[in-house]
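This report covers a pocket, some aromatic rings and a few individual residues. The sequence and structure come first.

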Amino acid sequence: MITRELNVSTSFVYNNDSYIGSAVIFKSNDELFCITAGHNLYGKNLDTVPNLTEWKIVDWTGTAHKISVLYG
C-alpha cells in the first residue's frame, strides 16, 4: 500500500515539458527543497550545466515550482 506520506513527498523533475525523473520534495523553515539524482539535472556524464529557467519540479498536486538554486 502506498502511504499518503510517500505521495506528498514524491515529485517530478521536468526540463521544459519533458519528464526527466523523480525527486523527493520537502519543506524546511518555510523553504521548499528537492532531492534528486545528479544525472537528472547534470546529464548522464554529469557534465551538463542546467539552465534553471528551463527546469521545474511538479509536486503531488500538480503544482509546478521553479528551481532557483542548486546545491551539490
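At 27% relative accessibility, Phe33 counts as partly exposed, a class lying between buried, under 20% relative accessible area, and exposed, over 50%, with a 1.4 Å probe and protein chains only. The model is predicted, so local features need pLDDT of at least 70 and side-chain atom pairs count only at pLDDT 80 or more, whereas totals for chains, interfaces and linings use all residues. Residues are numbered from 1 along each chain as its sequence is written, and side-chain values use heavy atoms, with hydrogens and water left out.

A search of the whole structure finds three aromatic pairs, where rings of Phe, Tyr and Trp (its six-membered ring) pair if their centres lie within 6.5 Å, and planes under 30 degrees apart count as stacked, over 60 as edge-to-face and the rest as tilted. One of them joins Phe12 and Tyr19, whose planes stand at 55° with the ring centres 6.1 Å apart, so the pair is tilted. Phe33 belongs to a stacked pair with Phe26, at 5.6 Å centre to centre and 20° between the planes. Ring pairs also link Phe12, Tyr14 and Tyr19 into a cluster. The charged end of Lys56 sits over the ring of Tyr14, 5.8 Å from its centre; for this, NZ of Lys or CZ of Arg must be within 6 Å of the ring centre and within 35 degrees of the ring normal.

The accessibilities of further residues discussed in this report are set out below.

| Residue | Relative accessible area | Class |
|---|---|---|
| Phe12 | 32% | partly exposed |
| Tyr19 | 47% | partly exposed |
| Phe26 | 37% | partly exposed |
| Gly38 | 34% | partly exposed |
| Asn45 | 60% | exposed |
| Asn29 | 72% | exposed |
| Asp30 | 70% | exposed |

Phe33 also takes part in the largest pocket, being one of the residues nearest its centre, together with Cys34, Ile67, Val69 and Leu70, in a lining of 20 residues. On a 1 Å grid over the protein atoms alone, a pocket is an open set of points where a 1.4 Å probe fits, with protein on both sides within 12 Å along at least five of seven lines, and lining residues have an atom within 4 Å of a point. About 530 Å³ of space lies in this pocket, the volume being the space filled by probe spheres set on the points. The lining of the largest pocket divides into 13 nonpolar, five polar and two charged residues. At least two lining residues come from each of β3 (31-35), α2 (38-42) and β5 (64-66), and β3 gives the most, with five; helices (H or I, at least four residues) and strands (E, at least two) are DSSP runs, numbered from the N terminus.

Gly38 is found in helix α2. Leaving aside neighbours within four places in sequence, Gly38 is in contact (heavy atoms within 4.5 Å) with Gly43 and Leu46. Gly38 and Gly72 are separated by 34 residues in sequence, with their C-alpha atoms 8.5 Å apart. Asn45, in the loop between α2 and β4 (55-58), lies eleven residues from Cys34 in sequence and 21 Å from Cys34 in space, C-alpha to C-alpha.

Most residues other than glycine have a negative phi. Asn29, in the loop between β2 (18-28) and β3, has a positive phi near 50°, and Asp30, which also lies in the loop between β2 and β3, has a positive phi near 65°.

Methods:
Ala, Val, Leu, Ile, Met, Phe, Trp, Tyr, Cys and Pro count as nonpolar, Asp, Glu, Lys and Arg as charged, and the others, Gly among them, as polar.
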